[in-house]
Amino acid sequence: MHPAVGTCRNLAISLHHIPVNPFLLHRRLIHHGPDTIDELLDRHVVKNEKTRDDEEADLLTRQRLTSTRREALSLYRDILRATRFFVWADSRGVLWRDVLRENARKEFEAARFERDPEIVTRLLIGGRDAVQSALDKLAEKQREQIDKQKGDRNRR
């Protein structure tokens with residue numbers, strides 16, 4: 001202990017008329033804690049050694065989350081692109097494009113915090129199938145209308 005600290009402590013003790021215990025004079029006080037940050041951390045932080053397997057599992061989990069996030073964003077963009085072709089209004093006068101976009105947004109928000117990879121994959125596959133089937137049906141209906149218009153022209 002530094003001599004100046006000892007004299008200050010002796011002075012403070014004598015001023016307050018507290019009986020002096022010689023053991024306390026030489027003991028390291030709390031405010032004279034560890035010498036370095038490393039000592040402090042070594043004393044108070046529980047060390048959790050990561051193994052190579054844990055690091056690989058963390059990396060694989062991050063990659064999987066990143067890829068499913070990318071897939072989800074890609075699906076959402078594809079839905080927005082596909083809805084451009086739905087330009088007619090429904091019975092309420094609202095464009096189908098807007099209805100489909102609103103429903104897609106609701107579906108994505110509902111599944112936003114889903115963490116189970118199996119469920120996320122199932123949702124992504126179902127979404128892709130739904131977009132593809134909607135586009136296929138739209139294309140077939142347009143072909144039917146084109147054939148109908150060609151048939152009407154030939155009859156005239």
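Me: Contact means that heavy atoms lie within 4.5 Å of each other. Among contacts in the chain between residues at least 6 apart in sequence, what share joins residues at least 24 apart?
Reply: The model is a predicted one. In this chain, 48% of the contacts between residues at least 6 apart in sequence join residues that are at least 24 apart.

Me: What makes up the secondary structure of the chain?
Reply: The chain has six helices and zero strands. Along the sequence this gives the pattern α-α-α-α-α-α.

Me: Why is Thr 68 called buried?
Reply: Thr 68 has a relative accessible area of 19%, and buried means under 20%. The value falls under the cut-off, so Thr 68 is buried. This residue belongs to helix α4. Beyond its neighbours within four places in sequence, Thr 68 is in contact with Val 120 and Leu 124.

Me: Why does Val 131 count as buried?
Reply: The relative accessibility of Val 131 is 15%. Buried requires a value under 20%, and Val 131 therefore counts as buried. Val 131 is part of helix α6. Residues up to four places away in sequence aside, Val 131 touches Leu 75, Ile 79 and Ala 82. The C-alpha atoms of Val 131 and Tyr 76 are 10.0 Å apart, although the two residues are 55 residues apart along the chain.

Me: Why is Ala 134 called partly exposed?
Reply: Ala 134 has a relative accessible area of 30%. Partly exposed lies between buried, under 20%, and exposed, over 50%, so Ala 134 is partly exposed. Ala 134 is in helix α6. Its C-alpha atom is separated by 9.5 Å from that of Thr 83, which is 51 residues away along the chain.

Me: How many aromatic pairs does the structure hold, and what makes the pair of Tyr 76 and Phe 108 edge-to-face?
Reply: There are two aromatic pairs in the structure. The ring centres of Tyr 76 and Phe 108 are 5.0 Å apart and the ring planes stand at 70°. Centres within 6.5 Å make a pair, and planes over 60 degrees apart count as edge-to-face. The pair is therefore edge-to-face. Tyr 76 lies in helix α4 and Phe 108 in helix α5, so the pair ties together parts 32 residues apart in sequence.

Me: Why is the pair of Phe 86 and Trp 88 called tilted?
Reply: The ring centres of Phe 86 and Trp 88 are 5.6 Å apart, with the planes at 50°. Planes under 30 degrees apart would be stacked and those over 60 edge-to-face. Phe 86 counts as buried at 12% relative accessibility, whereas Trp 88 is partly exposed at 40%.

Me: What is the volume of the largest pocket, and which residues are the closest to its centre?
Reply: The largest pocket has a volume of about 1,300 Å³. Of the 39 residues in its lining, Ala 72, Leu 75, Glu 107, Phe 108 and Leu 124 are the closest to the centre. Phe 108 is partly exposed, with a relative accessible area of 26%.

Me: Which helix gives the largest share of the lining of the largest pocket?
Reply: Helix α4 supplies the largest share, 11 residues. Helices α4 (52–82), α5 (96–110) and α6 (117–155) each supply at least two residues of this lining. By class, the lining has 24 nonpolar, six polar and nine charged residues.

Key. Residues numbered from 1 in each chain as written. Predicted model: local features only at pLDDT ≥ 70, side-chain atom pairs only at ≥ 80, totals over all residues. Heavy atoms only, no water. 1 Å grid on protein atoms, 1.4 Å probe; cavity = no way out; pocket = protein on both sides within 12 Å on 5 of 7 lines; lining within 4 Å. Points joined across faces, edges and corners; volume = space filled by probe spheres on them. Helix = DSSP H or I, 4+ residues; strand = E, 2+ residues; numbered from the N terminus. Nonpolar A, V, L, I, M, F, W, Y, C, P; charged D, E, K, R; others polar. Phe/Tyr/Trp six-rings, centres within 6.5 Å; stacked < 30°, edge-to-face > 60°. Buried < 20%, exposed > 50% of the residue type's maximum accessible area, 1.4 Å probe, protein only.
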